[in-house]
Amino acid sequence: MKKLLLIFVLIFSQNIFAQTAKEIIDKNIELSGGLMQWKLLNSVLLQGKVILGIKDEYSIKIYQQRPNLTKTVITIGGKETAIEGYDGTKGYAMNYAANKLQEYKEYVAESFDNDFIDWENKGFNAQYLGKENIYCHKVELTKNVNKNIYYFDTKTFMILKEIKKDDTLLYSDYKRVGNLMMPFRIESSSSKKDGDYVMILNKVEINKVFPANIFKF
């Protein structure tokens, strides 16, 4: 009888955690603009500055468009230079040793939407990991061997932190852009120390119509 009771408690607890994880994700989507508004988002232009190390600071523009087009441009010596992107068929990245942009065969294009939009239909599993002190809910999102941990503010439900395999991202300074809430400060730290940066945005434009050749390299 005790064994059956223990099994029942374990199953019940897992169901609560699964439901709680879904509730947290749903709350994040709702309070950041709503599922319909995120699905109506077709393009984003991020503008600001990126700080590498202590002193290296550059103006940056990031163009993104459905379904997975992207282009990152920084200003060096007064000249805009593309350093990374995906044109719909090929990925590109800057070879700093050769000081030129080149095709990157192993480039993996990321989805325009974040993983939380229709996460269940995409094959993700979500698990509630409890609270990190009193300020954050922890949710683990997994798909196959990929596993990310997200920290949600307990009051606003905005994402404050994301832990990937090799990188940790901190999100802050959320502001409303149209009907959507977006972070204007992103800090990245890498276990390899080659991906550390701080990006501070001063302008975000959504659903902007880009020139036809903007994603050409």
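Asp118 is found in the loop between β6 and β7, where helices (H or I, at least four residues) and strands (E, at least two) are DSSP runs numbered from the N terminus. The phi of Asp118 is near 55°, a positive value in a residue other than glycine. With a relative accessible area of 31%, Asp118 is partly exposed; buried denotes under 20% relative accessible area, exposed over 50%, and partly exposed the range in between (1.4 Å probe, protein chains only). The model is a predicted one, in which local features need pLDDT of at least 70, side-chain atom pairs count only at pLDDT 80 or more, and totals for chains, interfaces and linings use all residues. Residues are numbered from 1 along each chain as its sequence is written, and side-chain values use heavy atoms, with hydrogens and water left out.

Asn121 lies in the loop between β6 (100–103) and β7 (125–132). Asn121 counts as exposed because its relative accessible area is 69%. Its C-alpha atom is separated by 27 Å from that of Lys155, 34 residues apart along the chain. A positive phi, of about 50°, is also found at Asn133, which is not a glycine; Asn133 is placed in the loop between β7 and β8 (136–143).

The protein has two helices and 13 strands. Its C-alpha trace spans about 75 × 35 × 35 Å along the principal axes. Of its 217 residues, 37% count as buried. Among contacts (heavy atoms within 4.5 Å) with a separation of 6 or more, residues 24 or more positions apart account for 37%.

Confidence is expressed as pLDDT, the predictor's confidence in each residue, from 0 to 100. The mean pLDDT is 89, and 90% of the residues reach 70 or more. Over residues 2–18, pLDDT stays under 50, and the model has one contact beyond four places in sequence for this stretch. Where pLDDT is low, the predicted coordinates should not be read in detail.

The largest nonpolar core has 37 residues; such a core is a set of buried Ala, Val, Leu, Ile, Met, Phe, Trp, Tyr and Cys residues joined through side-chain atoms within 4.5 Å. Ile25, Phe116, Val139, Leu141 and Val204 have the most contacts inside this core. Not counting residues up to four places away in sequence, Ile25 touches Phe116, Trp119, Ala126, Val139 and Leu141. A second, separate core of eight residues includes Tyr63, Leu69, Ala82 and Ile214.

Seven aromatic pairs are present; rings of Phe, Tyr and Trp (its six-membered ring) pair if their centres lie within 6.5 Å, and planes under 30 degrees apart count as stacked, over 60 as edge-to-face and the rest as tilted. Tyr63 and Phe210 form an edge-to-face pair, at 5.3 Å centre to centre and with 80° between the planes. This pair links distant parts of the chain, with Tyr63 in strand β2 (residues 56–65) and Phe210 in the segment after β13 (197–206), 147 residues apart. Tyr63 counts as buried because its relative accessibility is 10%, and Phe210 is buried with a relative accessible area of 9%. Phe210 also forms an edge-to-face pair with Phe215, at 5.9 Å centre to centre and 75° between the planes. Tyr63, Phe210 and Phe215 form one aromatic cluster.

Strand β2 also holds Ile62, which counts as buried at 11% relative accessibility. The C-alpha atoms of Ile62 and Leu46, 16 residues apart along the chain, are separated by 5.0 Å. Leaving aside neighbours within four places in sequence, the contacts of Ile62 include Val44, Leu45, Leu46 and Met199. In the loop between β2 and β3 (69–76) lies Pro67, joined to Arg66 by a cis peptide bond with omega of about 0°.

Asn28 lies in helix α1 (residues 2–31) and is buried, with a relative accessible area of 7%. Its side chain reaches the backbone oxygen of Phe157 at 2.9 Å; a polar contact is a pair of N or O atoms within 3.5 Å, where within protein one must be able to donate a hydrogen and the other to accept it, and residues adjacent in sequence count only if both atoms are side-chain atoms. Asn28 touches Phe152, Phe157, Met158 and Ile159, not counting residues up to four places away in sequence.
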